[in-house]
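Welcome! Have the sequence and the 3D view ready, and work through the exercises below one at a time.

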Amino acid sequence: MPTSRRSLAVAAVAALVLPLSACGSGGDGGGSTDASGKVEGDITFQTWNLRANFKPYFEDLIADFEKKYPGTEVKWVDQPGEGYADKISAAAAGGTLADVVNVSPDLAAPLAQAGMALDLDKAAGQYKKDYLEAAWASQQVPGMEGTYAFPWYLNTGPLFYNKSLIEKAGLDADKPPTTYDELFDTALQLARKTDGEVATLAGVPTIEDFGRYGVPLMNEEGTGFAFNDAKGVELLTRYKELYDAGGLDSQALTATPESAGKKFLTGAVAMNPGTALDLAKFKKQAPSLYENIGITDQITSTGHVNMYVMGLLVNSQSERKPAAVAFARFVTDAAHQMSFAKQVAVFPSTAGSLDDPYFTKEDGTDETRVRVAAAKSLKGAVNYTPVLFSEQMKTELRNEVAKALQGKQSPKEALDNAVKACDRLLKQQG
């Protein structure tokens, strides 16, 4: 399981960089959307960095499916997180894409555009009502009709902070920031009172940070990007101020979600967003941090927290569509999502599941408090990463942000350039 908040749910992973559109013209690439018929035969199931920690769960899950449907056999293939998008791209281009594939929405989109993803509105529309409306909608692609993956697990979480570092700067650790203004003020105070020794954040703003800040990410038609508006410039200007004052870690310009998490884990930065999954990691790997952990709500200007979402895509070219759809449905039904959520500290995307006492009743522990608060916030959460925001686009934004923070161009120029580059890439996708 990826350790960062982005890669664990949902989230925010590399979209395919591919000329896959040459494989098809969208929809189901000429393949039938009929998934009726007897559930039988051999299928492949590909996940993303799950075997190391959850092998018994998936082996039991597969055994139960094969027992329920005699004559089926599921071959489980697990790929490491690094280069996962490239592996899917190569498999799709080479005709070896698994029958059922673990994807995030931005991974599913290019496969759908290339005609490699089964339209579940047509093939399995009877199950739509069993999932949260927003979760089902998250598997749709702007400009296309259809839904291209079964919703699987969701995640979100709070802002964690290191109380000892906050107190070291003479600030009140029991009064964490609740707004962006307070967050930036706290970071500047930390940097100034420690002569730049204590940074608050480990990374630069990503597309989801612009979303949480209230910046419009795309135009209403979904045909172009819009994060270079006045509010976007305002956010980047604030980050520039932090960078100059030492409020951002010295390696922030090249940070990844994983490296940012490690910085917080080792006490190098004072704050980092996270999920309920992180608490167990802190307790095991950094007991001193766990003893000093502060937990506050995810900061957002929109009233809606960020949601990471995963799904299971069915290969439209599968020769065993009935079995592939049945298995993807089996993995993502309410009972199995609940059992997985309890093992992994993620959240089910099935309707009604978040009302279970497991997600609504506290028992006095931090783990439960985070879980209950996150489950409540998920009911109004938003996946701020646009479905069509590819890995290339993330790189363009990151590079332009870095130039602005280094003073090589103004925040306005940086975001204008990023939008131009992303719009160009968007047209190439089409």
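**Exercise 1.** Find what covers the buried residues of helix H3.

*Solution.* Step one: look at the contacts, where contact means heavy atoms within 4.5 Å. The cover includes three strands, E1 (41–48), E3 (100–103) and E8 (308–314). It also includes the helices H2 (84–93), H17 (391–405) and H18 (411–429). Helices (H or I, at least four residues) and strands (E, at least two) are DSSP runs, numbered from the N terminus.

Before going on, a word on the model: it is predicted, so local features need pLDDT of at least 70 and side-chain atom pairs count only at pLDDT 80 or more, while totals for chains, interfaces and linings use all residues. Residues are numbered from 1 along each chain as its sequence is written, and side-chain values use heavy atoms, with hydrogens and water left out.

Step two: check burial. Buried means under 20% relative accessible area, exposed over 50%, and partly exposed in between (1.4 Å probe, protein chains only). Nine of the nine residues of H3 (residues 105–113) are buried, so this helix is largely enclosed by the rest of the structure. Among them are Pro105, Leu107 and Gln113.

H3 is followed by Gly115, which has a positive phi, near 80°.

**Exercise 2.** Decide whether Glu82 is buried or exposed.

*Solution.* Start with its place: Glu82 sits in the loop between strand E2 (72–79) and H2. With a relative accessible area of 73%, Glu82 is exposed. Now locate Trp48, 34 residues away along the chain: the C-alpha atoms of Glu82 and Trp48 are separated by 9.4 Å.

**Exercise 3.** Which strands are joined to E4 by bridges?

*Solution.* Two strands pair if DSSP finds at least two bridges between them. E4 and E8 run antiparallel, joined by four bridges, and Asn155 stands opposite Tyr308 in E8. E4 and E9 are antiparallel too, joined by two bridges, with Leu154 opposite Phe347 in E9. Finally, six of the six residues of E4 (residues 150–155) are buried, so the strand is largely enclosed by the rest of the structure.
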